[in-house]
Amino acid sequence: MSPKSRPSAGPAAQSSVKTGAQIIVDTLIEQGVDTMFGYTGGVVLPLFDRLYDAPINFIIPRHEQGGCHMADAYARASGKVGVMLATSGPGACNLVTGLATAMMDSTPMVAITGQVRTELIGNDAFQEADTTGVTRPVTKYNCIVKDVKDVARIFREAFYIASTGRQGPVLIDVPVDVEVAKFDTKNPVEMELPGYRVRTKGHARQISTAAKAINDSGQPVLYVGGGVISANAAEELRQLADKAHLPVTTTLLGLGSYDQNRPESLDMLGMHGAAYANYAVQECDLLIAVGARFDDRVTGKLKTFAPNAKIIHIDIDPASISKNVHVDIPVVGDAKFILPELIKEVEHRERKQWFKKIAEWKKKFPFSYDREASTIKPQYVIEELCRQTKGGAIITTGVGQNQMWAAQFYRFSRPRQLISSGGLGTMGFGLPAAIGAQVARPGETVIDIDGDHSFNMTMTELATAVENKLPIKVCILNNGYMGMVRQWQELFYNKRYSKSYLSNPDYATVARAMGAVGITVDKKADVPKAIKQMLAEKRPCVADFKIEREENVWPMVPAGKSLDEMSGLDILESIA
Amino acid sequence: MKHIISALVENKPGVLAHVAGMFAARAFNIDSLVVGRTEDPQLSRMTIVVIGDDRIVEQVRKQLAKIVPVVKVQDFVGQPVVARDLMLIAISAPPERRAEVLALIEAFKGKVVDIGQKFVMVEVSGPENKIEAFIEACRPYGIKSLARTGTIAMPRQAPLEARS
């Protein structure tokens, strides 16, 4: 919000004749934007001038990639559209990783980029890049606005496309001359999207066929992805699982869609998923996928995935159906509409034998680690975090071992509680994501469970957290390695740790230099106390946990193996 | 198997790049791609010939439909369609062999559109296999240069029973 002392924009802002920049700001406000992220530059100056006294909370990252991740996490935490603004050329190019991250994880975002003057486009002008060309494969839709009369329509379309169907990032490129051009906005504008249709309601007969398959199944598994969270359908999912009595496993991005504390929860499946989830999928006779896309990290070897199962796939994206795995009963539409219809038709079944089998797997192969070790085990840090936050914090992660341990050892109970780069696997996502999530959820505890190398990639954003007084917590699980790469090198490259370590700064000192709180923890006995202090801090806080250096993530389905060919089960069994 | 896919797209900049980029990014093979205007100035038609099994072509169709400015996608496989290619071909035709070459052109219902001392340029249209056959027939005389469109296609309008 702008202080009242700022110079006013003057009476011109009241007229229906407006500049492109003013139309953009008005459309953002009309679309409900009260918070956005962005970094200024030459060709976006007219737009920033209009933002000077706009009622929008504006967060400036230290790098456009960080800002893009913040907008992404803001969207994931709030369910609203995240907005990121950048200048042309380098500003726009710095968005690519963030847009690709949002695209893979279906986050609703609108990115706005400035562009050089229309008549200079194509002339290799200063800070010119072919932004729509560069970002086309990493956006759901993008376009350049070449005429001020199209600005309002295109921005409305952008919000509509980003937030409907399978959600995703939309980029609008705005040449600076369009920002300053004037247009009379007195006539209402309509969206023109002849090629964009969203199927929300599922086909009634397909839903009945799916319900019958569920009622006939003796060994079903519900396999849930991030789509259920995007659809705000976690409650409907719980009702379905309850009524039909189904065990529930989720993908990484699906964590939080189903309370992991419930006995029917099978936790996460896949490469580093729970052994009991993977066994259940491999032995089930019916797999009910909801808002999930059969990613290779979930299925393992495709040919032998769920070999005995009939497959139901409920998804809003028709292109996701039968892309990787042949689907027997596809239902295209929004889970929010389809699940209640399905609930009406399913019946309760005991499935005693099936649940007994699952309980045995759960007992035999829980997620585990050596609790007696004298070193700091990363799993212990996360368990302690979960205990002290009563499982209620919003967790963001880096990518790699830290991410998998967070998924395995924190217990998620509600949607939008885990914010992690699943599809693209973007290292450096955790810190800016924590900032975006904290902006969206000011009253909540937001913790970035990070790796040292992931944190290195975007740690400059700590200054953004300090500046905006965001009390985020960063737990660095510091093993001095790119841990997941090291694990693969240990297992598959004869322990040749090629270029998977480098020297790190003293993170507590870095944190303090930036105005945050820094804590170093190198003794196991100090872990609970350090976490307690971190949670009590009102300022951003970085806790650097010097963990066991060569700890591995177990179980593990090696790439190209079937889900039930897990390594590390003997280790889990011996310490369970 | 060859599939002829017809996509009606919004006549906007960037659409061709989007479609071509999607094919490249998803490793689908394009045999030919033709874009042109339609009766509606707002819309263009892309006719794309794709080679792949049913599963791949199904994905191609869905991924095309997912592109925002793509309005409608049809796969003509299994339907009666009229499919045509157009070719311009310059054939070596010195005076002593010219009669022979012209007879060949006549046999393929080609149209001579340019004629020089040592060559003739011919316009030929028809189904792809006819074009291929004509190229093979011309080879012994020497092909100076060749340009061809990809396939364009339209489903037959007359009802099936009327054609017996």
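Predicted model: local features only at pLDDT ≥ 70, side-chain atom pairs only at ≥ 80, totals over all residues.
User: What makes Ser503(A) count as exposed?

Analyst: Just the neighbour count. Ser503(A) has 5 other C-beta atoms within 10 Å, and the exposed label applies at 12 or fewer, so Ser503(A) is exposed. You'll find Ser503(A) in the loop between helix 21 (483-492) and helix 22 (507-513) of chain A.

User: How far is Ser503(A) from Ile343(A)?

Analyst: Their C-alpha atoms are separated by 55 Å, and the two residues sit 160 apart along the chain.

User: How do you know whether the size of chain A agrees with a compact globule?

Analyst: For 576 residues a compact globule would come out near 25 Å, and chain A has 25 Å, so the two agree. The C-alpha trace of chain A spans about 75 × 60 × 40 Å along its principal axes. As for burial, 55% of the 576 residues count as buried, the cut-off being 20 or more other C-beta atoms within 10 Å.

User: What is chain A built from, and how is it divided into domains?

Analyst: Its secondary structure comes to 24 helices and 20 strands. The domain assignment gives domain 1 (11-184), domain 2 (204-364) and domain 3 (378-554). The C-alpha centres of domain 1 and domain 2 of chain A lie 37 Å apart, and the contact between them takes six residues from each. On the domain 1 side, those residues divide into four polar, two charged and no nonpolar.

User: Where does chain B touch chain A, and which element of chain B gives the most?

Analyst: 15 residues of chain B are in contact with 15 residues of chain A. Helix 1 (15-25), helix 2 (54-66) and strand 4 (70-75) of chain B each supply at least two residues, and helix 2 gives the most, with five. The chain B side divides into six nonpolar, five polar and four charged residues.

User: What does chain B look like on its own?

Analyst: Chain B has five helices and nine strands, following the pattern β-α-β-β-α-β-β-α-β-β-α-β-β-α along the sequence. Its C-alpha atoms fill a box of roughly 55 × 40 × 35 Å along the principal axes. Buried residues make up 26% of its 164 residues.

User: How much of the contact in each chain joins residues at least 24 apart?

Analyst: In chain B, 73% of contacts between residues at least 6 apart in sequence join residues at least 24 apart. For chain A, residues 24 or more positions apart account for 77% of the contacts with a separation of 6 or more.

Key: Residues numbered from 1 in each chain as written. Chains lettered and ligands numbered in written order. Helix = DSSP H or I, 4+ residues; strand = E, 2+ residues; numbered from the N terminus. Domains from an automatic or database assignment. Contact = placed C-beta atoms within 7 Å. Nonpolar A, V, L, I, M, F, W, Y, C, P; charged D, E, K, R; others polar. Rg over C-alpha atoms; globule rule 2.2 N^0.38 Å.
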